[in-house]
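Please keep the sequence and the structure in view while reading.

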Amino acid sequence: MYSKAEDMRRTVVVAEDEITNLLLLGGILSIEYNVLTAENGVQALKILKENAGRISLLLTDLIMPEMNGFDLIRTVKADPELEKIPIIVLTSSGDAKTEVECLRYGAVEFLPKPYGMPATILARVQRIIELSEDKSIIQATEKDLLTGLYTNGYFLEYALRLEEHHHERDYDALVLDIDRIKTLGDLYGEGKANRALQLAANEIIGYLADVHGIGSRFNQNTFYLLCEHQESYECLIQTIERSFSALDTDVRLSMRLGILPHIRNEEFSSDVMGQFMKAAAACSSLKAGGPSSIGFFDEKLQEQKRLKESLLKDFDQAIEQRQFVVFYQPKFSIEEKPSLRSAEALVRWIHPERGMISPGIFIPLLEQNGLIQKLDRYVWEEAAWQEAEWKKRYGISVPISVNVSRIDLYDPHLVQTLRSIVERFKLDFDEYLLEITESAYSSDMAQMLDVIGRLKGEGFRIEMDDFGSGYSSLTRLTDMPIDVIKLDMSFIRGLEKDVKKQDLVEIIIAMAKKFGNLVVAEGVELEEQFNILRGFGCDVAQGYYFSKPVPADEFGKFIEQKCMQEGRVC
Ligand code: C2E
Ligand code: CA
Ligand code: CA
């Protein structure tokens, strides 16, 4: 039995067939270590196996009966359980050729016979053990135990060094995600999931050797790679996918690979992680769960993302500080002498730092983030107030139409909100129209019919905006209780040069009128377009031909002109 102190001592194995040598060396070593002795290779192997994981060092003679030292070294190095044990060869020959051969087999050191001073022997043994333990500590933290790829810290450090040593080379940073690993684990156990990661890692390691790269398992199912620029990474994805067939499961694992191509030396040196974050952004922009896909980092896309995030952050304050300003674009009746009919309220964001921002940028963003209702309510009130102001100031009414987002249609208080605005500013339903975009009609027909029916029931007049841009067809005209259709701009663009388009527009206008709808053409920019529309019996035109959207006070000039035309005193 070992004493407690002995328990904590390291254990070494000595294999030697000459008893005197064995006793001598065993005696010296036992000053510091637990010593297990064997008289030949077979015995030594048995002892090593029985104590696997506990042996700090093997010292072996070369010439022994049953199994010689060479075979013993070879066998130990080929055994995954034993391969890490450092080996010292006990030589008497001093033969360089034999020593080289031992080194090739995996021995690390020689101890010449006859043995020298015990202190020297102990010091050498101690150094070998310490070296080997340090190395295995390094290996354990340097490499991910499951996959053999580098761990994060080492990877980033080595990536930096690799890039620095090969400044002239063109490198790509890659982030690879394997999807559904968790599902695989849940269904078939963690072992299967780990196996999948190992299969992928094996392919990655093989691939990296060809493209002079290095890789890491960055977390659970994410790999970071750095390698020389490749035109395509399809083959990497395909080989990994093929390797998964060995898993024999129903779970279809797929991958998303995000790439930052042609990394820049300076950026890489100053912010290595930042470069991989860009590849990670490209990776997360890909759709998860579908078939495997590859995406490249796009600086513009990232800039847009940052802009969106910052606009969303600023939104509440912008409403409070009234940074949103409503512009008005006139609509004219299509006659020989066109006259002002009405106006469309179009919002702009006058941002204190970014200047004027177009609604094309922030409206979809607010729709996606559930903020559009707040803005629309603001615009609706502002437009209603403006309408009342103009009436008061000029004594005539210029109807205003406001835009109602398709998202607003899901607001249970919509009808009530709009009615209370109209009531508060004492407007007529003829003076305050609602533009609802056509795409809203196609998404949820029953919902639309219900809301529009209720708005109509209150007395509102509805304009179907962007007509012809979506999926809705002319048949919509029959089942939607709308008053006005606004032909989408795409019908007007190039109308003057496109006979087919002209035929189409003529038919749409005729049909709409047959169903009793007024027709407005928007995006009218040219006189020819205006004349063609006039020939087809279109009622109203809106577009740069007359005016861009303008601020409220500038719009006053259109009202004054109208007053003059009509011989009124405004
Ligand atoms: P929309 O309702 O179809 O508005 C017409 C757009 O076409 C406006 O762009 C207008 O400035 C532009 N436009 C007018 N005439 C011409 C022309 O002759 N040529 C060209 N190329 N364009 C013309 P804007 O003001 O940038 O608004 C874009 C979209 O933003 C609007 O499309 C509307 O869907 C939305 N929007 C604007 N204001 C509001 C709002 O207060 N609430 C909601 N929900 N959406 C709004
Ligand atoms: Ca509109
Ligand atoms: Ca429109």
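Asp465 is buried (under 20% relative accessible area, with exposed over 50% and partly exposed in between; 1.4 Å probe, protein chains only), its relative accessible area being 7%. This residue bridges two calcium ions, ligand 3 and ligand 2, which lie 4.1 Å apart. Donors here are N, O and S atoms within 2.8 Å of the metal (3.2 Å for Na, K and Ca); water is not among the atoms, so sites may look incomplete.

The model is predicted: local features need pLDDT of at least 70, side-chain atom pairs count only at pLDDT 80 or more, and totals for chains, interfaces and linings use all residues. Residues are numbered from 1 along each chain as its sequence is written, chains are lettered from A and ligands numbered from 1 in the order in which they are written, and side-chain values use heavy atoms, without hydrogens and water.

Attention now turns to ligand 1. Among the 21 residues around ligand 1, counted when a heavy atom lies within 4 Å, those that come nearest are Gln329, Asp376, Met489, Glu525 and Tyr544. A polar side-chain atom of Glu525 lies 2.5 Å from a nitrogen atom of ligand 1. Oxygen atoms of ligand 1 lie 2.9 Å from a polar side-chain atom of Arg348 and 3.1 Å from one of Glu344.

Definitions and conventions:
A polar contact is a pair of N or O atoms within 3.5 Å; within protein, one must be able to donate a hydrogen and the other to accept it, and residues adjacent in sequence count only if both atoms are side-chain atoms.
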